[in-house]
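Please examine the structure shown below together with its sequence. The briefing that follows treats helix packing, then the chain as a whole, then selected residues.

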Amino acid sequence: MSHAWATGCFEGEGTILLNAEGRLTLELEQVDHTPLFNLREIFGGTINKRGTRDVWRWRLSKKADVHHALESVASHGHGSKARQASIVVAWLEGNHTLESTRKVLHHLKHDRTAVDAPTPVLKETPNGFRFQ
């Protein structure tokens, strides 16, 4: 499997999570766990079964691994996840103040620059924000 394959998989069904403290997590859930093992082989992370449901979740939360995966999505992707990844990578490489976190969240929520993809969905959760 390649980074381009992993990017396509993540662009289709992945989620970028950013909590209020600026901690990033990447997630992807599927019934078929085979692609998740391929993602783990390429980017790292963990795979767990979600409770009693027949759904598996790949999660990546180690900062260096998240950064690497987002760089891959930004460089190989073409849709809204690639735009989100580019914005988050720039933020990761800059200053992580509370104000910069608010700015990146605002930018992601209101980003309408790409014609080929819908505006990223930003949902506020009790622990931060979820990009879908």
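In this predicted model, His3, Ala4, Thr7, Phe10 and Glu11 of helix H1 meet His68, Ser72, Val73 and His76 of helix H3. A contact here means heavy atoms within 4.5 Å. Helices (H or I, at least four residues) and strands (E, at least two) are DSSP runs, numbered from the N terminus.

The model is predicted, so local features need pLDDT of at least 70 and side-chain atom pairs count only at pLDDT 80 or more, while totals for chains, interfaces and linings use all residues. Residues are numbered from 1 along each chain as its sequence is written, and side-chain values use heavy atoms, with hydrogens and water left out.

**Helix H1 with helix H3**

- The contact of H1 with H3 divides into three nonpolar, five polar and one charged residue. In this classification Ala, Val, Leu, Ile, Met, Phe, Trp, Tyr, Cys and Pro count as nonpolar, Asp, Glu, Lys and Arg as charged, and the others, Gly among them, as polar.
- The axes of H1 and H3 are 9 Å apart, and the two helices pack at an angle of about 90°. Axes are lines fitted to C-alpha atoms, for helices over the stretch in contact, and angles run from 0 to 180 degrees between N-to-C directions.
- H1 and H3 are therefore roughly perpendicular to each other. Angles under 35 degrees count as roughly parallel, over 145 as roughly antiparallel, 65 to 115 as roughly perpendicular and the rest as oblique.

**Helix H1 with helix H2**

- Helix H1 (residues 3-13) packs with helix H2 (residues 34-43) at an angle of about 125°, their axes being 10 Å apart; H1 and H2 are therefore oblique to each other.
- The crossing of H1 and H2 is left-handed. A crossing is left-handed if the near helix is turned anticlockwise from the far one by less than a right angle, and right-handed if clockwise.
- On the H1 side the contact is made by His3, Trp5, Ala6 and Cys9, and on the H2 side by Pro35, Asn38, Leu39, Ile42 and Phe43.
- By class, this contact of H1 with H2 has seven nonpolar, two polar and no charged residues.

**Helix H3 with helix H4**

- The axes of helix H3 (residues 63-76) and helix H4 (residues 80-92) come within 8 Å and cross at roughly 135°; H3 and H4 are therefore oblique to each other.
- The crossing of H3 and H4 is left-handed.
- H3 contributes Lys63, His67, Leu70, Glu71, Val73 and Ala74 to the contact, and H4 contributes Lys81, Ala82, Ala85, Ser86, Val88, Val89 and Leu92.
- The residues of this contact of H3 with H4 comprise eight nonpolar, two polar and three charged.

**The chain as a whole**

- The protein chain holds five helices and six strands, which run α-β-β-α-β-β-α-α-α-β-β from the N terminus on.
- Of the 132 residues in the protein chain, 43% are buried. Buried means under 20% relative accessible area, exposed over 50%, and partly exposed in between (1.4 Å probe, protein chains only).
- Among contacts between residues at least 6 apart in sequence, 55% join residues at least 24 apart.
- The accessible surface of the protein chain comes to about 7,300 Å², and 51% of this surface belongs to carbon and sulfur atoms.

**Selected residues**

- Ala74 lies in helix H3 and is partly exposed, with a relative accessible area of 25%. Leaving aside neighbours within four places in sequence, Ala74 is in contact with Ala82, Ala85 and Ser86.
- Ala74 and Thr7 are 67 residues apart along the chain, and their C-alpha atoms are separated by 8.5 Å.
- Thr25 belongs to strand S2 (residues 24-30) and counts as buried, at 12% relative accessibility. Apart from neighbours within four places in sequence, Thr25 is in contact with Thr15, Ile16, Leu17, Arg59, Leu60 and Ser61.
- Val31 is found in the loop between S2 and H2 and is exposed, with a relative accessible area of 55%.
- Not counting residues up to four places away in sequence, Val31 touches Asp54, Val55 and Trp56. The C-alpha atoms of Val31 and Val55 are 4.5 Å apart in space, and the two residues are 24 residues apart in sequence.

How values were computed:
Accessible areas come from the Shrake-Rupley method with a 1.4 Å probe; for residues, only the protein chains shown count as cover.
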